[in-house]
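Visitor: Hello! I am new to this and would like to learn how to read a protein model, one feature at a time. Could you walk me through it?

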Amino acid sequence: MNPYILATLLFGLGLGTTITFASSHWLLAWMGLEMNTLAIIPLMAQHHHPRAVEATTKYFLTQATAAAMLLFASTANAWLSGQWEIQQTSHPLLVSIITLALALKVGLAPLHMWLPEVLQGLNLTTGLILSTWQKLAPFALLLQIQPNNSSLLILLGLTSTLVGGWGGLNQTQLRKILAYSSIAHLGWMILILQFCPPLTLLTLLTYFIMTFSTFLVFKANESTNINSLATSWAKMPTLTSLAPLMLLSLAGLPPLTGFMPKWLILQELTKQDLPLTATLAALTALLSLYFYLRLSYAMTLTMSPNNLTATTPWRLNSNQLTLPLAITILMTTLLLPLTPALTALVTP
């Protein structure tokens, strides 16, 4: 892609998210979401592969449906209340419709069916943008409207953690596994949204750091399925030895960074007299732990046969940037000691 066009699209992506962040008017927020969608569509379809075009079409139709629901609910709210302020949306039916529209935009279960298929059709770089940056604007709106329908949010959160864990068990494609991982983590964020919004932001930021490092490791390794992970030891042994720590951090095991948000969320749920919800969320995390362990096993404890017919990839020098990968892996594994400081920021 022409670098000028690429720069324009990335600028549009950032501008759409910024407009949604800064807006208190429903039409401006909707316009920012539409700019965001229209900017990423050429990035998704840039390789003109049939799978990429199919994924782009699915993504466009899904986002258009969610945007239509959002516009309908905000217009109905303006008709009933006479104003377009985001924070003044009070009708429970309209708040529920807006919540479901934003859930469809980010891929929360049971509105998640598009996410694994779309992510499977993209390359890892565009998939990284879809898994991280595209979540920011809908979450900004969710935090502004402060949905008070607790049963809907808890249902969405528990369903997402269950589907995200269960759906990834039988997958062999890394991008689909990362999509189900995204669904499970989004479920944890939605569970705690109404009780402690700063904790939702902390979980989102931690998820971004861990997902960034995971995508960069798979990109450096040029792997798209579990079988190709077996060659990683011969390609880059140091990175392969660090990869299980990164995957187990995504699973939320101590003493790694990913344990911090899950620990704080379970603590907050028990404070809100929701021990059953906290127990179910912790049990669904075990499902996700299984496929992270499976990836770790395939990457470090499985050796590839030596009689490969292709060019030996570990003899080719990689020209990829390693500094972002080094920084994100360090943060993915070593941020847990900062928990007391972050708890002081999160606590109202």
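Visitor: Let me begin with one residue. Where is the place of I177?

Guide: Welcome! Please keep in mind that this is a predicted model. I177 sits in helix 9.

Visitor: And is I177 buried or exposed?

Guide: To answer that, we look at the relative accessible area, where a value under 20% counts as buried. I177 has 1%, so it is buried.

Visitor: Which residues is I177 in contact with, leaving aside its neighbours within four places in sequence?

Guide: I177 is in contact with G168, Q171, I226, F291 and L295. The chain also brings I177 and S288 to 9.6 Å from each other, C-alpha to C-alpha, although they are 111 residues apart in sequence.

Visitor: F291 was in that list. What can you tell me about the rings of F291 and Y292?

Guide: Let us take aromatic pairs in order. How many does a search of the whole structure find? The search gives 4 aromatic pairs. In one of them, F259 and W263, the ring centres are 5.5 Å apart and the planes meet at 15°, so this pair is stacked. F259 and W263 are 4 residues apart in helix 13 (residues 259–271), about one helical turn. F259 is partly exposed at 23% relative accessible area, and W263 is partly exposed at 42%.

Now to your pair: the rings of F291 and Y292 have centres 4.8 Å apart and planes at 50°, so they are tilted.

Visitor: Are F291 and Y292 buried or exposed?

Guide: F291 is buried, with a relative accessible area of 1%. Y292 is buried too, at 2%.

Visitor: Let me turn to charges. What is the general idea behind a salt bridge?

Guide: Side chains of opposite charge can pair when their charged atoms come close. In this model, a search of the whole structure finds 2 salt bridges.

Visitor: Which residue forms a salt bridge with E54?

Guide: The partner of E54 is K58, and their closest N and O atoms are 2.9 Å apart. Both E54 and K58 belong to helix 3 (residues 50–81), where they are 4 residues apart, about one turn of the helix. E54 counts as partly exposed at 37% relative accessibility, and K58 is partly exposed at 29%.

Visitor: Which residue forms a salt bridge with K176?

Guide: That is E117, with the closest N and O atoms 3.3 Å apart. This pair links distant parts of the chain, for K176 is in helix 9 (residues 174–192) and E117 is in helix 5 (residues 114–120), 59 residues apart. K176 is buried, with a relative accessible area of 17%, whereas E117 is partly exposed at 31%.

Visitor: How do I read a residue that lies in a loop? Where does H112 lie, for instance?

Guide: H112 lies in the loop between helix 4 (92–106) and helix 5. At 8% relative accessibility, H112 counts as buried. Not counting residues up to four places away in sequence, H112 touches G107, V163, Y180 and I183.

Visitor: What about the surface? Which residues form a nonpolar patch there?

Guide: M1, I5, L6 and L10 form one, and together they have about 340 Å² of accessible area. M1 is in the segment before helix 1 (3–22), and at 45% relative accessibility M1 counts as partly exposed.

Visitor: Where does UniProt place the feature "transmembrane region"?

Guide: The unreviewed entry places this feature at several ranges, including residues 92–115 and 201–218. Residues 92–115 are 71% helix and 0% strand, with end C-alpha atoms 28 Å apart. Residues 201–218 are 100% helix and 0% strand, with end C-alpha atoms 26 Å apart.

Note on methods:
Residues numbered from 1 in each chain as written. Predicted model: local features only at pLDDT ≥ 70, side-chain atom pairs only at ≥ 80, totals over all residues. Heavy atoms only, no water. Salt bridge = Lys/Arg side-chain N within 4 Å of Asp/Glu carboxyl O. Helix = DSSP H or I, 4+ residues; strand = E, 2+ residues; numbered from the N terminus. Buried < 20%, exposed > 50% of the residue type's maximum accessible area, 1.4 Å probe, protein only. Patch = residues over 30% accessible without salt bridge, like charges linked within 9 Å, V, L, I, M, F, W, Y side chains within 5 Å. Areas by Shrake-Rupley, 256 points an atom, 1.4 Å probe, with all protein chains shown as cover. Phe/Tyr/Trp six-rings, centres within 6.5 Å; stacked < 30°, edge-to-face > 60°. Contact = heavy atoms within 4.5 Å. UniProt positions renumbered as here; feature names shortened; annotations may be inferred.
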